[in-house]
Amino acid sequence: MVLSITNEITAAVAFQMQILDGMLWDIDQLLNDLQPPLTGKIRLWQDTNDHLQRYFPVIWRRSKADNKWKFDKIGWARLPLRAKQVREFNDNHPLVTELLKLAVKIYQARAGLVTSLTNFSRGSKQRLNTLKTSGTNMRHKLNDLVAARDSEKYRTWITGHHPVREGFESSTDETDT
């Protein structure tokens, strides 16, 4: 049952992360369409080398040295304020700003899921490592108690047959309680 619950929760978290990732991808596509191909264009980039495939915001710029497009990672904090509003960027600025606000909310929701999954994983690993030692100690104690149960002294006590009392007859009709 525990395995079933764990699998169900893990599958639900993974499914929800896929939904959130899909929304971030959609926002990235809209950002690409709504901004001109100029320095200052903001996109959401996915790190495919990361096992969690995290998104991070970037600003594109044309390198003066080699005239190639490059990007700089920027933080999620105050992301909507980074949207350019000058010249060619001005017409779609309000929509781009709203998309970036939504992207921040989606990213925060995703980060919360990752944090809860990470905490569960780390906490479980720490608990399991602790139980390796204490579980072994508890097993030894239980084995000792089982051995004590099998001893003559315990059997005598549990069955109520006391060697001293056998053969002793009560002179009254009262029974032992």
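Student: In which helix does histidine 93 have its place?
Tutor: This is a predicted model in which local features need pLDDT of at least 70 and side-chain atom pairs count only at pLDDT 80 or more, while totals for chains, interfaces and linings use all residues. Residues are numbered from 1 along each chain as its sequence is written, and side-chain values use heavy atoms, with hydrogens and water left out. Helices (H or I, at least four residues) and strands (E, at least two) are DSSP runs numbered from the N terminus. The run that holds histidine 93 covers residues 93-149 and is helix 2.

Student: Is histidine 93 buried or exposed?
Tutor: Relative accessible area decides this: buried means under 20%, exposed over 50%, and partly exposed in between (1.4 Å probe, protein chains only). The relative accessibility of histidine 93 is 15%, so the residue counts as buried.

Student: Which residues does histidine 93 touch, not counting residues up to four places away in sequence?
Tutor: Contact means heavy atoms within 4.5 Å. With residues up to four places away in sequence not counted, histidine 93 touches Ala83, Lys84 and Gln85.

Student: What is the order of the strands in the open sheet?
Tutor: Two strands pair if DSSP finds at least two bridges between them. Strand 1 (residues 42-46) and strand 2 are antiparallel over five bridges, and strand 2 also pairs in the antiparallel sense with strand 3 (residues 69-73), over five bridges. The open sheet of three strands therefore has the order 1-2-3.

Student: Which strands are the edge strands?
Tutor: In the open sheet of three strands, the order is 1-2-3. Pairing on one side only marks the edge strands, strand 1 and strand 3.

Student: Which residue of strand 3 stands opposite arginine 61?
Tutor: Strand 2 and strand 3 pair in the antiparallel sense. Valine 58 stands opposite lysine 73 in strand 3, whereas arginine 61 stands opposite lysine 70.

Student: What is the relative accessible area of aspartate 28, which meets arginine 43 in a salt bridge?
Tutor: The side chains of these two residues meet at 2.7 Å, N to O. Arginine 43 lies in strand 1 and aspartate 28 in helix 1, so the pair ties together parts that are 15 residues apart in sequence. Arginine 43 counts as buried at 13% relative accessibility. Aspartate 28 is buried as well, its relative accessible area being 5%.

Definitions and conventions: A salt bridge is a side-chain nitrogen of Lys or Arg within 4 Å of a carboxyl oxygen of Asp or Glu.
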